[in-house]
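Here are my notes after a look through this model.

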Amino acid sequence: MDQIFFSWFYDPPSVPYYVNFYIQSYTRCIPYVVGITASFVSNHLVEIKYKFSRFQKIFVFVSGYIAIMGTFLYVSLRFYANPYQFNVTDHVFFAPIHRLIWSYCLINLVVVHYVNGFGVISDMLSVRLFIPLSRLCLSTFLVHIGIIFYTISTDEQNYFGTIHKFFITFAGDYLFSILTALLLTLLVEMPFENFWKRLKRRVTEGPGKSKPEPFSGPLSSHQFDEKCSEK
């Protein structure tokens with residue numbers, strides 16, 4: 001396989017697509033808007049007890065996979081691979097649309113999985129192993145860009161790689177991101193989450209309000225007299 005050279009691996013600011021569109025908020029917000037909309041759609045489908053047919057599941061899965069991979073490959077080859085001359089029309093018409101396509105297709109998979117599942121695939125995705133990893137999603141999202149840039153900046157030569165090398169690099173960055181996210185979650189997110197819960201409980205219940213004692217069954221006459229004397 002021919003080696004492919006991508007300048008964005010070692011110098012992202014040199015790529016006009018990265019600077020002018022990839023990191024811009026009006027481009028990156030599209031998947032978030034689609035995700036928020038999908039949450040309302042999912043809850044509505046569950047409330048009305050809607051069930052996707054077998055054909056609908058297959059269509060959503062296959063078309064979603066093709067659309068997601070197609071947009072990723074097209075963007076990589078069109079906007080990142082050298083040589084490419086910056087073209088405003090390409091970016092204005094395609095950059096927002098491609099994010100809408102892959103985010104919509106990805107969210108369709110999530111909605112079907114949430115409503116009535118993909119059978120064996122949903123069973124695999126519901127393994128308890130993914131529960132602790134799901135707690136690290138936010139922290140991983142926050143730290144992964146910095147880790148990728150650090151990895152790239154420490155490389156003192158041009159990046160020439162195959163698909164195998166790309167996946168090895170991706171696996172290493174992902175593992176490093178998870179470990180960093182774990183520390184961030186344990187040292188920052190969880191303590192602040194506990195602090196917020198205690199603060200919320202203190203504000204809503206009041207500082208002098210104590211929790212009710214658990215019910216341990218009917219009191220005997222002797223125990224009842226002791227309780228009355230304590231009060």
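1. One term before anything else: a residue is called exposed when its relative accessible area is over 50%, and buried when that value is under 20%. With that in hand, both Phe55 and Phe59 are exposed. Keep in mind throughout that we are looking at a predicted model.

2. Staying with those two rings: Phe55 and Phe59 form a stacked aromatic pair, 6.4 Å centre to centre with 20 degrees between the planes. Both sit in helix 3 (residues 54-80), four residues apart, which is about one turn of the helix.

3. How many aromatic pairs does a search of the whole structure find? The count is four. One of them joins Tyr50 and Phe52, whose ring centres are 5.2 Å apart; their planes stand at 85 degrees, so this pair is edge-to-face.

4. Leaving aside residues up to four places away in sequence, Val111 touches Ala38, Ser42, Leu45 and Phe52. Ser42 is found in helix 2 and counts as buried, because its relative accessibility is 7% and the cut-off for buried is under 20%.

5. Val143 and Ile147 are among the buried residues of helix 7, along with Ser139, Thr140 and Ile152. Ile178 and Ala181 are buried in helix 8, as are Asp173, Ser177 and Thr185.

6. The covering runs both ways here. Helix 8 (163-205) is part of what covers the buried residues of helix 7. In turn, the cover over the buried residues of helix 8 includes helix 7 and helix 6 (130-134).

7. Helix 7 has a kink of about 35 degrees centred on Val143, and helix 8 bends by about 45 degrees at Thr185. Even so, the 17 residues of helix 7 (residues 137-153) reach 25 Å from first C-alpha to last, close to the 24 Å expected at 1.5 Å a residue.

8. Finally, the annotation. An unreviewed UniProt entry places "transmembrane region" features at residues 25-46, 58-81, 101-121, 133-154 and 174-192. I compared two of these with the model. Residues 25-46 come out as 100% helix and 0% strand, with the end C-alpha atoms 32 Å apart. Residues 101-121 are 81% helix and 0% strand, and their end C-alpha atoms lie 23 Å apart.

Key:
Residues are numbered from 1 along each chain as its sequence is written. This is a predicted model: local features need pLDDT of at least 70, side-chain atom pairs count only at pLDDT 80 or more; totals for chains, interfaces and linings use all residues. Side-chain values use heavy atoms; hydrogens and water are left out. UniProt positions are given in the numbering used here, feature names are shortened, and annotations may be inferred rather than shown by experiment. Helices (H or I, at least four residues) and strands (E, at least two) are DSSP runs, numbered from the N terminus. Rings of Phe, Tyr and Trp (its six-membered ring) pair if their centres lie within 6.5 Å; planes under 30 degrees apart count as stacked, over 60 as edge-to-face and the rest as tilted. Buried means under 20% relative accessible area, exposed over 50%, partly exposed in between (1.4 Å probe, protein chains only). The expected span of a helix is 1.5 Å times one less than its number of residues. The bend at a residue is the angle between axes fitted to the seven residues ending there and the seven starting there. Contact means heavy atoms within 4.5 Å.
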